[in-house]
Number of protein chains: 2
Amino acid sequence: MDFSSFLTSLATSFVLFFILMCLFTWLSRRPGNHVIYYPNRILKGLDPYEGLRVSRNPFAWIREALASTEADVIRMSGVDTAVYFVFLTTVLGIFVLSGIYLLPVLLPLAATAHAVMKADNSTSQGSFNDLDKLSMGHIEEKSPRLWGYVIGTYWVSFVTYCLLWKAYKHVSDLRAAALMSPEVRNEQFAVLVRDIPPVPEGQTRKDQVDSYFKAIYPDTFYRSLVVTDNAKVNTIYEELEGYKKKLIRAETIYAANPQGPRPTTKTGLLGLIGEKVDAIEYYDKKIKELILKLEAEPKVTLKDKQQCAAVIFLNNRLTAAAASQSLHDTMVDTWTVMDAPESRQMIWSNLPKKFYERQIRQYIVYFIVLLTIFFYMIPIGIISAFTTLENLNKLLPFLKPVLDIATIRTVLGAYLPQLALIIFLSMLPKFLLFLSKLEGIPSQSHAERAASGKYFYFNVLNVFIGVTLGSSLFSRFKEIEDDPNSIIPLLAKSLPGSATFFLTFVALKFFVGYGLELARIVPLIVYHLKKKYLCKTDADLKEAWAPGNLGYATRIPGDMLIVTIVLCYSVIAPLIIPFGVAYFGLGWVLLRNQVLKVYVPSYESYGKMWPHIYTRIVASLILYQVTMLGYFSLKKFIFTPVLIPLPILSLIFVYVCNNKFYRFFQSTALDVARRELKETPNMEVVFRSFLPPSLSDEKGGGDEDEFEDALSHVSRANSRV
Amino acid sequence: MDFSSFLTSLATSFVLFFILMCLFTWLSRRPGNHVIYYPNRILKGLDPYEGLRVSRNPFAWIREALASTEADVIRMSGVDTAVYFVFLTTVLGIFVLSGIYLLPVLLPLAATAHAVMKADNSTSQGSFNDLDKLSMGHIEEKSPRLWGYVIGTYWVSFVTYCLLWKAYKHVSDLRAAALMSPEVRNEQFAVLVRDIPPVPEGQTRKDQVDSYFKAIYPDTFYRSLVVTDNAKVNTIYEELEGYKKKLIRAETIYAANPQGPRPTTKTGLLGLIGEKVDAIEYYDKKIKELILKLEAEPKVTLKDKQQCAAVIFLNNRLTAAAASQSLHDTMVDTWTVMDAPESRQMIWSNLPKKFYERQIRQYIVYFIVLLTIFFYMIPIGIISAFTTLENLNKLLPFLKPVLDIATIRTVLGAYLPQLALIIFLSMLPKFLLFLSKLEGIPSQSHAERAASGKYFYFNVLNVFIGVTLGSSLFSRFKEIEDDPNSIIPLLAKSLPGSATFFLTFVALKFFVGYGLELARIVPLIVYHLKKKYLCKTDADLKEAWAPGNLGYATRIPGDMLIVTIVLCYSVIAPLIIPFGVAYFGLGWVLLRNQVLKVYVPSYESYGKMWPHIYTRIVASLILYQVTMLGYFSLKKFIFTPVLIPLPILSLIFVYVCNNKFYRFFQSTALDVARRELKETPNMEVVFRSFLPPSLSDEKGGGDEDEFEDALSHVSRANSRV
């Protein structure tokens, strides 16, 4: 890629961004679009503009975003989101502080170097352009100027250590503050038990669980909820809900036009085939049938489909916190107790999976992920070889007339490889999340963390290393196979060649990615289409504009890829620093807006994502340090070993940090859980909040007692509530 | 070593053993020696022969040992000892079951092989003797007979897996039974807190600790004992006890001979110089002075020398068990809570060491141990090169006339290298225990486990690998340095050459080692000498015959070395199996006797030693499997890769076992701790049992209140007791 395509790329990106901003300003003012641009506020019962200064200033949202505090974020979107902003702030801080040294010192050092470029160097890595003159590649071998780069390498590392330490402490405090809040949080009064041994002769599962926990927690045990196989009752429930929805829709249609014909439907598949009947009557009949079924089925489910997992309710959050950390049975693989996730993020079907089954599943999933990471390299290699204009011309000669137009040629030359990469990558996250759930993880947040971790390694290995080594990878495969250590010098050698590719990649990500994020063009179009052609009732409409959550499983690995790229290039090509700053600065402002107004978190894990993010930042840092080691030795710099302490320091740093902070992210500290509550929790409410909707729906009066009976709870008599 | 020296060595060992047995039979009958041969029974208040059949049969003790049950061992010597016997039984079982296949199959296979020995083979490994004809070395390369050895390798591994699994389960049950016993065990009501943060302004350490734990355990907190720097008060206390002892001794001497002169002493150093005074009066005066001091000092200590560690007493062992497993503060490095060891094995001076200090100390100690292991190889190499008769003749020519006598020559030839090795090794354990205590470990049993672990690696690396590779090690050092993997084939190549050395080593260990163990010649002589010349009072006498404990820190690594040797040679030279069986069989019987009658355990860790032993047995097994891989490939056996699954299987086995069982050895399961107690514990007694003797001694009436005052306990008023 030459310098002009780089500039073209930047310019077009910016133009796109500008257009998207204008669109946003225009679209977000139209009240009909408020459900797209302010859903979080609407769902929280706030007026879209309430409490905000209504102004015609198109940049008012920026001022609002900048003025919002961490407490606002926690109130509107929870601790997890606040922690995500700590991540953004920290990375931004790292880049800004790094830039303070790198830009004013290293750029002049490179620009004024009298490097004589060797012929083979310029041919193998493309034409040597103006950008490269500002990079470390422009310094001649063994030059004493390299000391400036050594200092830069150390500077970046120490800045990262300091800010990460501060951030870890801050996140830990955020978590503690949330967990010690005087609000009653249902999941703090529950623990999850898995791997319950087979039921002894003459006892029910329920008796077994109750007697076990009553013996250990005589004063605090409230009752238990044995996990049941709800597949059948859920099917009935969903069918019922479906018919209810259809009935309302049919009634709405009829009410809108009472003179028209009564709506009809067909009894067969999807209402498309079969006998034609009156819709309202048909649905009414179906609903009555299903309600009858739904009255019988839960009792069967609760009695006969009990599985080897349960949720235990304790009327004291201190005891629950201690219980989730304690070994209950002498064998670790029976009566495994852990803290309960929120009921809304519980993956019920994973709960009864046995201890060893989970471990075996985990290893199998790791193996599949390994294969995925490895074999995805092949298509990516093909794509990066394929998406050059020359290749396109050769492979698809019919495109030649189009490609010969100069503008299209430049734009395509600038974007094609990046676009291909981005599209290609969007296919993976769902697959990884699916794999993570297969591991037997009990909560959605944990599954997303696991998927995010897998995606990070995929990104670094395939996108970063894959693109950098690019075509040279396959030709040098033999070399790497003979000596796996040779990958580091190879990577170091190839890095400068891909600098402009990654500069463009980052720019594209923040201009176009964040532009689309803010403008919400796709959700807007989908919403309006649905509204016009599909939605009949209010519930339908609400479903159509449901904003979804921030999507950590793909967002964080995406950000982490940028962190890795910017860190690795920071000293080699300091020009990347402003791009990194722009990515995270723009991201911060934009996402503040989105978080306060748009996204609704679908779970709360009290910052458990942080240690995961932290470890991966340090992993990127170590990759950077090792790459620098390789690059300095390529420069034949004899003092290269002065950099050896850096990766060791990073390992010590990560070890000390995890030692100090990590355990609190696994479990709740007792000093936190002991804090006073605002009110005594109503344990019945806590208990009901964990019932799946198909079992907790109360229909008719007589149900309640039978339900209680089926659950046969033992302890209410002598519990303290 | 040729075959005749081997037989001589065996014969002399057996003669020595026989003599020691006779000595034991004769000496143990003399009532004056009962304190040496039955101290455990005497200390437990039993008559030496009580309950045992008194018979003139010299082998009665063997019958008694065989008839004793595990419950007897636990009653007389505790769970730790019973676990040690599980170890002996398991290893014995492994060897016996291995032998069932190895001896009848592999010995004939080797003996009937038509191997043509190559000239260089026989010269490089000494003369090829009769023993070697029964070993795997006698099978020719690529022979299909090697399949018999492959099956043997698998057989030994699977036998080990089965028995180890059973043993782990059994030990876990033993531990559970002991911990759930209805007896009140003081340490079950206490937890240890370390890393207490600095005292806030205007509070005492005591207040800080009490308020922290009262908030978390409002119902169960009894009181706390802040660890104090007792150095000064201990000095006074010891001085006082010393003078008391001297006074009693002087009075005894005077009472024995009232007509003689009153005993005198000198006031200076060690009673040897200075003014001559009447001993009884002088000691009396000193004691009165010190008692006064001892009344003042504890108050100062308790108030001003409080340190950042404490023992917390909870009046419920279930809460204590849960507390020791829970995170208390959000930072792992403050308010670290763990289960309290017994007070008698607490290493008080290690308690106030800070979190990071402990970690840094640990790494420094590991580094020193690494250096020790590495540099001890040099003297051992020199010794094994030096202690051949030829070398002795050359180096110490004046010994030549003695060495020329045939008998001496044979005996020395048989014993010299082994004796040198054994003496050399006896110097190390104390040093390793000292190092382990420097790590900041809070209990004696833990320190002994740590020392034992270090000693095991030392043994395997230096004795086993060191002796096997012997002189060839240094000549091949360059080779190993170039390619560290070459150590395995090198080891495999050298193993057969050292087979007879190790056969003799094992024989020497069990005949002479266990002979001395049973006969207790050294303690007997020391006791009688002390009794005759030093002991004046009953306390002196009791001290002189104090039997000590089993000494796990040296005993287990010694046994583990034999396990490693026998496992590694089991298939290569199956003749070692009977020696291994003899070692552990004889050991079992002999130590049963010693445990029931002699040794008094100085602490109880409820079998925490087991996971440690277990891991090291599996480590030996893996070493064996890897060595076999090397040895088979030396035999150019093309099916060698069929052995590759074995080390992988071992790793999976150790992973699964530790996953399932290990956590219960770190902390007490709640299901165990919840069991009913025989009686409500008297918390005052529990508390007092943790006071160091210098602080708990009650002298005079008025002390108690002031003492209470100094401890300023807060909670008694509202504790449940």
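The model is predicted.

**The sheet of chain A**

Strands of a sheet pair through backbone hydrogen bonds, in either a parallel or an antiparallel manner. In chain A, 4 strands form an open sheet with antiparallel pairing, and their order is β2-β5-β1-β6.

| Strand pair | Sense | Bridges | One facing pair of residues |
|---|---|---|---|
| β2(A) and β5(A) (residues 306-314) | antiparallel | 6 bridges | A:Val226 and A:Ala310 |
| β2(B) and β5(B) (residues 306-314) | antiparallel | 6 bridges | B:Ser224 and B:Ile312 |

Is strand β2 (residues 221-228) of chain B buried or exposed? In this strand, 8 of the 8 residues are buried, so β2 of chain B is largely enclosed by the rest of the structure.

Helix α8 (residues 146-179) of chain B contains B:Trp165. With a relative accessible area of 30%, B:Trp165 is partly exposed, because the value lies between the limits of 20% for buried and 50% for exposed. Leaving aside residues up to four places away in sequence, B:Trp165 touches B:Phe653, B:Val656, B:Cys657, B:Lys660 and B:Phe661. Between B:Trp165 and B:Val463 there are 298 residues of separation in sequence, and their C-alpha atoms are 28 Å apart in space.

**The contact between chain A and chain B**

Chain A contributes 38 residues to the contact, and chain B contributes 38 residues. About 3200 Å² of area is buried between the two chains, and carbon and sulfur atoms give 58% of this area.

How many salt bridges are counted between chain A and chain B? The count is 2 salt bridges. In a salt bridge, the side chain of A:Lys660 meets that of B:Asp333 at 2.7 Å, N to O. Polar contacts between chain A and chain B amount to 16 residue pairs, both residues being at pLDDT 80 or more.

Several helices of chain A each supply at least two residues of the side that touches chain B, among them α8 (146-179), α13 (355-386) and α27 (645-666). The helix α27(A) gives the most to this side, with 7 residues.

Note on methods: Residues are numbered from 1 along each chain as its sequence is written. Chains are lettered from A and ligands numbered from 1 in the order in which they are written. This is a predicted model: local features need pLDDT of at least 70, side-chain atom pairs count only at pLDDT 80 or more; totals for chains, interfaces and linings use all residues. Side-chain values use heavy atoms; hydrogens and water are left out. Two strands pair if DSSP finds at least two bridges between them. Buried means under 20% relative accessible area, exposed over 50%, partly exposed in between (1.4 Å probe, protein chains only). Contact means heavy atoms within 4.5 Å. Buried area is the accessible area (1.4 Å probe) that two parts lose on being put together, summed over both. A salt bridge is a side-chain nitrogen of Lys or Arg within 4 Å of a carboxyl oxygen of Asp or Glu. A polar contact is a pair of N or O atoms within 3.5 Å; within protein, one must be able to donate a hydrogen and the other to accept it, and residues adjacent in sequence count only if both atoms are side-chain atoms.
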